[in-house]
Amino acid sequence: LPLLTRMAARRWDFAFATESNTKGGRTGEGPSSSSLTKPPGFLEHAEASAAPSSQTVTKAKADVAKLKSKKAWEVAFSPASQFMMNGFMLWMSGNQPNIFSIMITSYVMYNPLKAIASNAQTFKPFNDGAVDVTLQKICFVLINAAVFCFGVLKMSWLGLLPTEPADWIAFYVVRSSAESATGGMPLGA
């Protein structure tokens with residue numbers, strides 16, 4: 001009971017709940033909702049009077065299709081922005097075949113292959129029949145193929161691909177000689 005009397009003594013404590021904004025609110029506290037002025041631009045029954053017309057719905061669908069196409073193009077060009085980061089990593093790793101340069105180059109070659117394999121899954125949110133994403137898919141695959149080819153070039157620079165004739169020397173066939181020459185003087189005479 002002493003706690004209740006202390007709470008009642010606090011004059012700064014007031015309730016924000018009124019009859020207008022609570023279900024079973026207290027009466028006599030605060031202004032009523034009818035005495036408050038409406039804010040500028042407020043309409044009483046805006047929802048009922050603003051029934052969408054067929055032209056508005058068609059325009060909204062066209063806007064959504066345009067937005068989906070734009071987002072699909074952003075996804076299609078995303079490997080190009082990642083290529084700049086990967087190219088910097090490849091440049092920083094150097095041209096000496098060590099574990100880090102091989103790991104980074106393998107990473108740069110693996111990710112485009114994984115992206116090409118999951119091409120359909122990548123563009124699934126945009127392919128709803130209203131938007132044709134064939135060009136975006138082709139662009140996506142070509143950019144990823146270019147990144148993969150750059151990884152192959154880096155492997156060649158590291159000397160990990162057999163591109164020189166010396167890399168194939170084990171497979172060269174040794175020809176048998178057509179003639180042989182011997183000669184000299186006997187040592188025992």
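## Salt bridges

Glu74 and Lys71 form a salt bridge, with their closest N and O atoms 3.6 Å apart. This is a predicted model. Both residues sit in helix H3, three residues apart, or about one turn of the helix. Glu74 is partly exposed at 41% relative accessibility. Lys71 is partly exposed too, at 39%.

The structure holds two salt bridges. In the other, the side chains of Asp128 and Lys68 meet at 2.6 Å, N to O. Asp128 lies in the loop between H5 and helix H6 (134–158), and Lys68 in helix H3 (residues 54–93), so this pair ties together parts 60 residues apart in sequence. Asp128 has 44% relative accessibility and counts as partly exposed. Lys68 is partly exposed, with a relative accessible area of 23%.

## Helix H4

Helix H4 covers residues 99–117. Its 19 residues should span 27 Å at 1.5 Å a residue, and the end C-alpha atoms are 27 Å apart, which agrees. Asn98 caps the N-terminal end: a side-chain oxygen lies 3.2 Å from the backbone nitrogen of Phe100.

Which residues of H4 are buried? They are Ser101, Thr105, Val108, Met109, Pro112 and Ala115. These cover an arc of only 130° around the axis, so they lie on the same side of H4. The face turned away from that buried side carries exposed Ile99, Phe100, Tyr110 and Ala117.

## Asn119

Asn119 belongs to helix H5 (residues 119–122). Is Asn119 buried or exposed? Its relative accessibility is 11%, so Asn119 counts as buried. Leaving aside neighbours within four places in sequence, Asn119 contacts Lys137, Phe140 and Val141.

Key: Residues are numbered from 1 along each chain as its sequence is written. This is a predicted model: local features need pLDDT of at least 70, side-chain atom pairs count only at pLDDT 80 or more; totals for chains, interfaces and linings use all residues. Side-chain values use heavy atoms; hydrogens and water are left out. Helices (H or I, at least four residues) and strands (E, at least two) are DSSP runs, numbered from the N terminus. Buried means under 20% relative accessible area, exposed over 50%, partly exposed in between (1.4 Å probe, protein chains only). Contact means heavy atoms within 4.5 Å. The expected span of a helix is 1.5 Å times one less than its number of residues. The arc is that of the directions from the helix axis to the C-beta atoms. A polar contact is a pair of N or O atoms within 3.5 Å; within protein, one must be able to donate a hydrogen and the other to accept it, and residues adjacent in sequence count only if both atoms are side-chain atoms. A salt bridge is a side-chain nitrogen of Lys or Arg within 4 Å of a carboxyl oxygen of Asp or Glu.
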